[in-house]
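Here are my notes on the model you sent over. Have it open next to you while you read.

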Amino acid sequence: MRSTAHSFRNNVHAALRDQGLQRALHRVSGGFADKRRAAVEALPEFEALRAAARAIKDHTLAHLDEYLECFETQVVAGGGTVHWAASAAAARRIVIDLCRQSGARRVTKGKTMVGEEIAINRALAEAGFEPVETDLGEYIVQLAGELPSHIIAPAIHKTRADIADLFRAHHGRQRELDSARAIVDEARDVMRERFLSADVGITGANFLVADSGSVVLVTNEGNGDLTATLPQRHIVLAGIEKVVPTLEDAGILLRLLARSATGQAFTAYTTVFTGPRRADDRDGPAAFDVVLVDNGRSAMLGSEYREMLRCIRCGACLNHCPVYGAVCGHAYGWVYPGPMGSVLTPLMLGLREAGDLPNASTLCGRCEAVCPVSIPLPTLLRRLRGRQHAEGQAPAASRRVLALWAALARRPRLYGFVMGLGVRLLAALAGRRGRLRRVPGAAGWTASRDLPAPAGQTFQAAWRRQRADHAR
Amino acid sequence: MHLVLTMRVALFVTCLADLYRPQAGFAAVRLLESAGCRVEAPVQTCCGQPAYNNGDFSNARAIARQVIEAFGGYRHVVVPSGSCAGMLKVHYPRLFAEDPRWCERARDLSGRTHELLSFLHDVLEHRDFGACFSGCVAYHDSCSSLREIGVQRQARELLSRVTGLRLAELKDSEVCCGFGGTFCVKYPELSARMVDDKARSVQATGADALLAGDLGCLLNIAGRLRRIDSKVRVYHAAEVLAGMADGPGIGDRRHP
């Protein structure tokens, strides 16, 4: 899917006026945040777990090469294969080759954000395969030809009526779809047949366990397990940052993941896959392939954005972001929305494409406060702004205003004089009304609010006058 | 004897209080003086946040050095704003992370810097200023006060000592009002949506007045409340605590 991050402002404008979207957002707003709060309050050691999780991630990232090699050795020892993909294109090529080797036609897919990142569905379809999303939300988004609007709730922007319409248009069944139950039943019906006829199953990975070569996957629908175990080949797509040293480490992160994401203590399904089917296994794939995707991650590792690689894709920062809450995920224009996306998208697609994203934040800090691995998201966003400024990418008008202001702020006497005139002028314009409805050059402010008028004299001027009077 | 006990405190009044609401600065002075401080206000401009948050770190550093120089000799520097206090306390040391000499001075200032309400409550432990305010007020937690400085309980405890004042809690009190410094003019539509949500939850409390410890939020929320012709008055929390909230609130019609 092509990025529209460069037209973020237009996307925002449209999203705020999209009544269907606003209705859908309104219904879910606060739901995840309230559930997370309840889950955190019920777990006294939550903060201690957070510190432990951060330490696990930092340690692993500091020795990432060793843990990845260890992971590969263990996967191979268990009969699987590891493929290294430096770029999105390389990852797509590997997946398509594997599907060809299996003589596949239908490819089922569990939910994978890195799969979205490398646009695997389009590549599969273009190569003649039939990719089928099996996570209900992803399936809905696939039918609609859209990107997920949330990293854990991909169809959060859709109302039940939207979904019923999509199903009617694509399934061609005459069925009442007037309840969530009816919709889920129909999806289950359609999906069952696809699961059974799939030749390759692709899933993501929540964690890769270095010392056992295992892949940990969580879902709430069990679709990941059917995707992984029914076809003859299971392909795992995973970013290289997903590796952790041991299953115990994964356990600590798992205790944070679902609580941070949906407020569940644990997801409904948590599965550890280790290698292909063994001789005495009753089911499982004959081939087990893990594609380790770099796609810019090594560069991040060696940069001042390294902390972003701690991300475990829980979505808590989206759920607590007032900007995300106002416009939902599509406005961000690409795969990763919200605060984490506002850091990742410019790093993966470039600041010229996604220059608005790091700026469209009040740096309110709620994302960092709820992040299970304490990523300093506001600091990273500010760093991106610093890079933009240093590279001269900020809009010329705002650079000029800022430079003028800074020149004044660095000259206190001149500043006092100029600002003193300014506040006197604004106060005179406002008169007794005490506020201004329109101010030249401040349309952004006055479009939706009045400008409270200043008192007319600055604190510092009044203060010095008072002190002088006292002294006399 | 009295002189010996008096604590010399510098007020970093913040550019928004300086320019827009001097009364908030005078209220801070009154509170500090009645708690036994001798207040001075060295010549100052701004803490540098507009440059810092727009990625102009070199101007931010220049302004920070100026503040560090001007506020060098004081035992305490008090700021009637969570976000400007956070700038001095948290971000100045970060700005000079690669400059040991200035980093040391920034750390020194950081240790001496306090947000006003937490200074009164936690450091001076002076919590009752004998003020009266008749009516119901809602207190808005600014993001920086709440998450960077840790002011939450303190503000409410100080306000609860004001005679006649009833405190109402805002729904979603942890959510940003949409000011965000230059964010509000760079992304006006997003900011408008956020401040509208906040203004609605202010009105839903039925409060007579909205208070906060940060003028950025106050100007933003007051601007929206005035635009929708709300009756809710808006003051800096210090004005109410200092008994100086009997006149027009922020953006209100002035008395003839």
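**Notes on the two-chain model**

1. Domains first: chain A is assigned domain 1 (5–299) and domain 2 (407–471), with bounds that come from an automatic or database domain assignment. The C-alpha centres of domain 1 and domain 2 of chain A lie 54 Å apart.

2. Keep in mind that this is a predicted model, where local features need pLDDT of at least 70, side-chain atom pairs count only at pLDDT 80 or more, and totals for chains, interfaces and linings use all residues. Residues are numbered from 1 along each chain as its sequence is written, while chains are lettered from A and ligands numbered from 1 in the order in which they are written. Chain B has an average pLDDT of 96, and 98% of its residues score at least 70 (pLDDT is the predictor's confidence in each residue, from 0 to 100). For the complex, the predictor gives an ipTM of 0.97 and a pTM of 0.97.

3. On to the contact between the chains: chain A puts in 50 residues and chain B 60 residues. Contact here is C-beta atoms, placed from the backbone, within 7 Å. On the chain A side, 27 residues are nonpolar, 14 polar and 9 charged. In this scheme Ala, Val, Leu, Ile, Met, Phe, Trp, Tyr, Cys and Pro are nonpolar, Asp, Glu, Lys and Arg are charged, and the others, Gly among them, are polar.

4. Now the strands of chain B. Strands (E, at least two residues) and helices (H or I, at least four) are DSSP runs, numbered from the N terminus, and two strands pair if DSSP finds at least two bridges between them. S1(B) (residues 7–11) runs parallel to S2(B) (residues 37–40), with 4 bridges; Arg8(B) has Arg38(B) as its bridge partner. S1(B) also runs parallel to S3(B) (residues 76–79), joined by 3 bridges, and there Ala10(B) partners Val77(B).

5. Chain B also has an open sheet of 4 strands in the order S6-S5-S7-S8, with parallel pairing. S6 (163–168) and S8 (233–236) of chain B are at the edges with a single partner strand each, so one side of each has no neighbour in the sheet. Inside that sheet, 4 bridges join S5(B) (residues 132–140) to S7(B) (residues 209–212), and Val137(B) stands opposite Ala209(B).

6. Last, a helix pair: the axes of H6(B) (residues 82–95) and H7(B) (residues 100–112) come within 8 Å and cross at roughly 175°. Axes are lines fitted to C-alpha atoms, for helices over the stretch in contact, and angles run from 0 to 180 degrees between N-to-C directions. H6(B) and H7(B) are therefore roughly antiparallel (angles over 145 degrees). Their contact includes Leu88(B) and Tyr92(B) of H6(B) and Cys103(B) and Leu109(B) of H7(B).

Notes:
Parallel < 35°, antiparallel > 145°, perpendicular 65-115°, else oblique. Contact = placed C-beta atoms within 7 Å.
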